[in-house]
Amino acid sequence: MIPLNHNLQQLFNIAQKPSKMGIGLMSGTSLDGLDIALCQFTGHGLNTKFELLQFITIPYPDEFKQEVQQVFAKRSADLEKVTLLNAYIGTYHAELILQALERWRIDPQNVDFIASHGQTIYHAPERLHLHKNYPNATLQIGDGDHIAVKTGILTVSDFRQKHIAAGGEGAPLALYGDVLLGNKTGENRVLLNIGGIANLTWLPGDGDFNRVLCTDIGPGNTLIDAVCRKYFDKSYDEDSAIAYSGNVNEGLLTALLAHPFFKEKAPKTTGPELFNLDMVAEAQQQSGSGQITNEDLVCTLSAFTAASIAGFIENNISGDHIQIFTSGGGARNPFVIGELKKLLPSVLIEDSSLLGINPDAKEAILFALLGNEALCGEPISIGANPAVLMGKFCFPI
């Protein structure tokens with residue numbers, strides 16, 4: 001019998017362990033920082049049990065954000081810059097992981113794996129790019145081999161490509177983790193994540209996986225943050241202070257909600273490639289609201305996020321005693337959450353901490369879970385979604 005090489009033997013040994021310590025990384029479209037979740041996993045699939053051991057968000061410096069924004073969500077970008085950033089982000093994320101482990105006084109040798117989402121720079125589903133003979137596509141940079149070599153930890157990366165190769169759009173991947181961690185027979189649940197883009201997973205209480213729906217809904221924080229950066233020199237609207245100082249412009253809100261994306265059938269995906277300041281300017285022109293104050297613009301965009309979420313839920317989800325559990329940066333936006341509660345008065349809306357899931361850490365936890373599944377799971381069939389295990393293995397040596 002031919003022995004396994006060192007890397008494959010390491011992979012086999014980790015996969016065989018009954019309990020694994022893994023790190024999940026998430027860097028979203030808001031570019032606010034790197035979420036690092038250290039988790040302990042026992043089991044896999046529907047028998048998964050996890051514990052969040054540590055969590056931190058390490059903010060990105062302005063210089064890093066400016067570098068990524070040069071290529072982020074742009075149809076045309078400097079190819080050399082993309083190539084350089086792929087290596088640079090991988091190395092930089094590895095440095096941040098090592099900083100976190102040192103802070104937590106954990107030896108990297110005790111961590112079994114890292115699951116890295118990478119940094120999305122462009123998302124191009126076929127229904128939006130409209131290039132004949134080209135498939136769904138998405139691109140995340142921040143090379144996993146650089147993370148593995150610098151940290152000395154097995155790294156699972158590039159999760160979205162298998163989803164696309166198997167017929168999906170590469171997003172939202174929250175579906176798999178939401179079903180494994182959030183599904184409960186007898187309770188109709190919506191797990192709503194409000195990041196740069198808002199997405200949700202509908203988990204009907206009858207336990208029928210064929211009825212589970214996971215989809216992007218529209219903008220979360222991306223438009224609000226973009227206006228805050230442009231007009232207020234702020235990365236986001238802290239405590240909704242700007243939104244509360246303005247008023248909703250109903251004409252602009254109506255024009256925003258008339259965007260064709262909201263009439264497309266779910267499941268669907270989107271990103272800042274569609275929901276950006278050009279889209280807002282077009283809606284302002286259509287509604288004759290180009291002269292409103294910047295405060296009114298932030299207020300209206302905040303109302304837009306809430307209204308698009310509420311409208312989707314009203315039109316696509318039915319059942320008794322529906323509970324919504326929120327996560328992501330938007331879960332801490334009091335204006336957006338307040339509007340949601342007004343628009344959905346019969347629905348219980350709480351954050352995901354009630355499920356034992358830190359709302360700030362949820363997406364990083366979900367990628368750690370996908371890493372655990374890549375190591376020892378089996379493909380799970382959930383409705384029309386691809387039944388695949390995702391992620392590519394990057395070895396330290």
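Analyst: A residue is called buried under 20% relative accessible area, exposed over 50% and partly exposed in between (1.4 Å probe, protein chains only). This is a predicted model, in which local features need pLDDT of at least 70 and side-chain atom pairs pLDDT 80 or more, while totals for chains, interfaces and linings use all residues. Numbering starts from 1 along each chain, and side-chain values use heavy atoms, without hydrogens or water.

Begin with Asp239, which is exposed at 55% relative accessibility. Asp239 sits in the loop between helix 8 (222–232) and helix 9 (241–245); helices (H or I, at least four residues) and strands (E, at least two) are DSSP runs numbered from the N terminus. Although Asp239 is not a glycine, its phi is positive, about 55 degrees. Arg105 is not a glycine either, and has a positive phi of about 60 degrees. The loop that holds Arg105 runs between helix 3 (79–104) and strand 4 (113–124), and Arg105 is exposed with a relative accessible area of 79%. Most residues other than glycine have a negative phi, and most peptide bonds are trans.

One joins Ala266 and Pro267, with omega about 0 degrees. Pro267 is in the loop between helix 10 (250–257) and helix 11 (277–287). Another cis bond joins Ala171 and Pro172, where omega is about -15 degrees. Pro172 belongs to the loop between helix 6 (160–165) and helix 7.

Helix 7 (residues 174–182) packs with helix 14 (residues 362–376) at an angle of about 90 degrees, and the axes are 9 Å apart. The axes are lines fitted to C-alpha atoms over the stretch in contact, with angles from 0 to 180 degrees between N-to-C directions. The two helices are therefore roughly perpendicular (65 to 115 degrees). On the helix 7 side, the contact (heavy atoms within 4.5 Å) includes Ala174, Tyr176 and Leu181. On the helix 14 side, Lys362, Ile365, Leu369 and Glu373 are among the residues that take part.

One more proline is worth a look. Pro396 lies in the segment after strand 12 (392–394) and is buried, with a relative accessible area of 14%. Its C-alpha is 5.9 Å from that of Ile153, although 243 residues separate Pro396 and Ile153 in sequence. Setting aside neighbours within four places in sequence, Pro396 is in contact with Gln10, Ala148, Val149, Gly152, Ile153 and Leu154.

Key
Parallel < 35°, antiparallel > 145°, perpendicular 65-115°, else oblique.
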